Amino acid sequence: MLFGIVLGAAVGIGCGAVSGLVPGIHANTMAGVLLSLQALLLAWFDPVVIASAMFSTLVTHTFLDNVPGTFLGIPDADTSLAVLPAHALCLEGRGEEAVRISALGSAVGVALSLPLALAFVFFLPALQPAIDWGIGLVILAVAGYLIVVSESPGWALAVFSVSGILGLFSLGYSFLAWPAGGESGVLMPLLSGLFGIAVLLKASHGAMPAQHFSGIDLPGGAIRRGSLLGSAAGALVGWLPGLSNATANALLTSVVGYDSNPREYILATSAANTVNAFLGLAAFYAVSRTRNGVMAAIGALEEMPPATAILLAGAMAAVGAYLLTLLFSRTAGRFSGLNVTSLNYGVIAFVVCLSLFLCGPFGGLVLLLATAVGYVPSLVNVRRVYCMGAIMVPVMAYSFGLA
């Protein structure tokens with residue numbers, strides 16, 4: 001079985017590298033491909049190889065998905081808010097530092113998620129009904145707090161509400177999108193418009209500054225605090241139904257501001273994304289809840305391997321993914337001197353084409369509306385975090401039984 005675990009981890013690292021580095025491709029997509037090849041693969045390999053590959057893909061994706069966000073400014077569903085400070089550091093010549101901070105956060109997340117997973121499996125199943133009922137209240141309280149402490153509560157509420165309506169519309173009518181993007185494919189144009197194109201249209205011009213790395217400028221106290229806060233947020237969204245990494249990113253802004261503490265925020269969100277992956281696996285085995293497409297794919301296998309085997313594969317994949325992330329962080333120098341305006345327009349054109357390819361005309365409409373809404377915060381001088389209403393409002397509606 002050990003050989004199967006190692007083989008699955010190696011395959012997962014390769015698949016996760018593709019999904020993490022290529023915008024628009026998610027770990028769920030790669031897991032779906034592996035599931036579709038199940039009959040062929042089972043003729044040659046043990047089920048543990050397939051399951052290990054699926055989970056290792058998800059773990060690797062959480063390490064590498066910040067690379068295109070840092071250097072190109074393209075967000076995905078897991079890195080929407082984290083892209084803002086990471087890309088800003090790249091524009092200051094510190095792109096490699098941003099990616100290395102992200103890798104550090106994910107690595108710490110792996111170390112903390114294993115004991116968290118064991119604790120959750122033993123103690124939380126009995127409390128699950130009460131936990132399910134309180135999700136919407138937690139999100140509502142966080143959203144209310146963020147709005148009240150805003151520089152302009154009125155505009156913050158307006159942006160939050162309008163983006164929430166857009167989120168309900170996009171997810172509620174996602175059946176109009178082309179199936180190429182999968183069930184959650186509409187999140188790509190939604191979040192790319194709110195946090196990608198809207199930001200790039202207002203981005204600075206000129207040449208990309210020379211990229212240099214002189215160490216991680218983050219004190220030990222900030223590393224410890226960011227790791228613990230990120231792990232707590234990741235554990236929350238990893239166990240509770242209806243929540244996602246994007247929700248964790250929004251929750252963390254109430255404690256760690258992405259504009260006031262950008263490095264700590266990158267570290268915290270990266271830890272949250274990785275912890276979410278491991279806690280999602282724990283929730284699947286403990287209470288039979290699928291938190292993402294990868295868990296659904298594992299559940300659809302003909303034979304379920306033991307959780308310990310999949311966790312071991314995930315830990316192995318984390319080591320490989322960490323080294324890969326450090327390797328790709330060194331490509332920052334290739335962006336030195338690039339024309340920022342041309343790069344931004346090229347990224348915008350790529351996102352538009354990708355949205356149309358994945359979701360068709362409906363994806364183009366969502367992208368247009370999201371860009372319009374995402375442009376408002378810069379005009380009224382409020383933080384872009386309030387655009388997370390596009391995720392938080394649908395989650396609240398789901399929790400309260402309204403959607």
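How accessible is R225, and does it count as buried or partly exposed? At 40% relative accessibility, R225 counts as partly exposed, where buried means under 20% relative accessible area, exposed over 50%, and partly exposed in between (1.4 Å probe, protein chains only).

Before going on, a word on the ground rules. This is a predicted model, in which local features need pLDDT of at least 70 and side-chain atom pairs count only at pLDDT 80 or more, while totals for chains, interfaces and linings use all residues. Residues are numbered from 1 along each chain as its sequence is written, and side-chain values use heavy atoms, with hydrogens and water left out.

**Salt bridges**

A salt bridge here is a side-chain nitrogen of Lys or Arg within 4 Å of a carboxyl oxygen of Asp or Glu. The count comes to 4 salt bridges, and the table lists some of them.

| Pair | N to O distance |
|---|---|
| R100 and E96 | 3.0 Å |
| R263 and E97 | 2.7 Å |
| E264 and R225 | 2.6 Å |

R100 and E96 are 4 residues apart in helix α7 (residues 95–123), which puts about one helical turn between them; helices are DSSP runs (H or I, at least four residues), numbered from the N terminus. R100 is buried at 17% relative accessibility, and E96 is buried at 13%.

The salt bridge between R263 and E97 links distant parts of the chain, with R263 in helix α13 and E97 in helix α7, 166 residues apart. R263 is buried, with a relative accessible area of 15%, and E97 is buried at 1%. The salt bridge of E264 and R225 also links distant parts: E264 sits in helix α13 and R225 in helix α11 (residues 220–239), 39 residues apart. E264 is buried, with a relative accessible area of 4%. Salt bridges that share partners join R94, E97 and R263 into one network.

**Helix α9**

Helix α9 (residues 153–172) has 20 residues and reaches 28 Å from its first C-alpha to its last, close to the 28 Å expected at 1.5 Å a residue; the expected span is 1.5 Å times one less than the number of residues. Its buried residues include A156, V159, F160 and S163. Seen down the axis of α9, the buried residues fall within an arc of 165 degrees, so they line one face of the helix; the arc is that of the directions from the helix axis to the C-beta atoms. The face turned away from this buried side carries the exposed residues G154 and I165.

**A loop residue**

S260 lies in the loop between α12 (245–253) and α13 (262–287) and counts as exposed at 52% relative accessibility. The C-alpha atoms of S260 and P85 are separated by 9.6 Å, although the two residues are 175 residues apart along the chain.

How values were computed: Helix = DSSP H or I, 4+ residues; strand = E, 2+ residues; numbered from the N terminus.
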